[in-house]
Amino acid sequence: HMSSKAGMEAARRARENGVKAYVESCPQYLLLTDERYALPGFEGAKYAVSPPLRKAQDAGALWEAVSSGEVDTIATDHCSFNFKGQKELGKADFSKIPNGAPGVQTRPALLYTYGVEAGKLSLEGFCRLLSENPAKLYGMYPEKGSLSVGSDADIVVWDPRAKDVITAKNQLSACDYTPFEGMETEGKAAYVFVNGRLAAQDGDVANRYLGEYVARRPGMFWR
């Protein structure tokens, strides 16, 4: 959850001193800023995440690190607390706001739109950040994170021409809001295969029961 320029600089110094440091960031730190906390009413509670949202210069520094290959993974939590009845628990005391935000569904399209299509990230980098590097870190490579003979047939067929607008209504999650409401996206997963079997098509789940337990090994530390 790298969120700041200062944090990225600390990771950079650690690497220069021989530390094996791995950097993960999230879409909210690349695309949103702390201006969201000044929204009218109690809207700012939707963005109560840890670490908190930072300044525009922090987001810019993180994009630079993404572009240069210094960020290893782009991840999300999916803390799907509703705004109504849950985030609102903190109206009288902000410390009682349930922490976190939904985001797992929107992550690939956001990274493709504002990374690849914006010229900040290559297609190969897109795949490394979302698939190859996580598989390596968690000791699941090359069965996962690789399209090769002998690997599991976990395949995403990406449609780069698809266009969409993110809204709470078009999310599969039952959460009543999305922090990326109204953001336009390009590209989506047209087909998702798990072990060679169709799991999802055009945003609709085709088969919910394809997952299998994967025993992890020590990670492949490539840095």
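Predicted model: local features only at pLDDT ≥ 70, side-chain atom pairs only at ≥ 80, totals over all residues.
Start with helix α1, residues 5-16. At 1.5 Å a residue, its 12 residues should span 16 Å, and the end C-alpha atoms lie 17 Å apart, which agrees. Which residues of α1 are buried? They are G7, M8, A11, A14 and R15. These cover an arc of only 120° around the axis, so they sit on the same side of α1. The cover over these buried residues includes α3, residues 56-67. On the face turned away from the buried side we find A6 and E16, both exposed. After α1 comes G18, with a positive phi near 90°.

Now the rings. How many aromatic pairs does a search of the whole structure find? Five. In one of them, F42 and F83, the ring centres are 6.4 Å apart and the planes are at 35°, so this pair counts as tilted. F42 is in the loop between α2 and α3, and F83 in the loop between β2 and α4, so the pair ties together parts 41 residues apart in sequence. F83 is buried, at a relative accessible area of 9%. K46 lies over the face of F83, 5.0 Å from the ring centre.

Y191 and F193 also form a pair, a stacked one, with 6.4 Å between centres and 25° between planes. Y191 is partly exposed, with a relative accessible area of 33%, and F193 is partly exposed as well, with 25%.

Elsewhere, ring pairs link Y112, F126 and W158 into a cluster. Last, K136 lies over the face of Y141, at 5.0 Å from the ring centre.

Conventions
Residues numbered from 1 in each chain as written. Heavy atoms only, no water. Helix = DSSP H or I, 4+ residues; strand = E, 2+ residues; numbered from the N terminus. Expected span 1.5 Å × (residues − 1). Buried < 20%, exposed > 50% of the residue type's maximum accessible area, 1.4 Å probe, protein only. Arc of directions from axis to C-beta. Contact = heavy atoms within 4.5 Å. Phe/Tyr/Trp six-rings, centres within 6.5 Å; stacked < 30°, edge-to-face > 60°. Lys NZ or Arg CZ within 6 Å of the ring centre and 35° of its normal.
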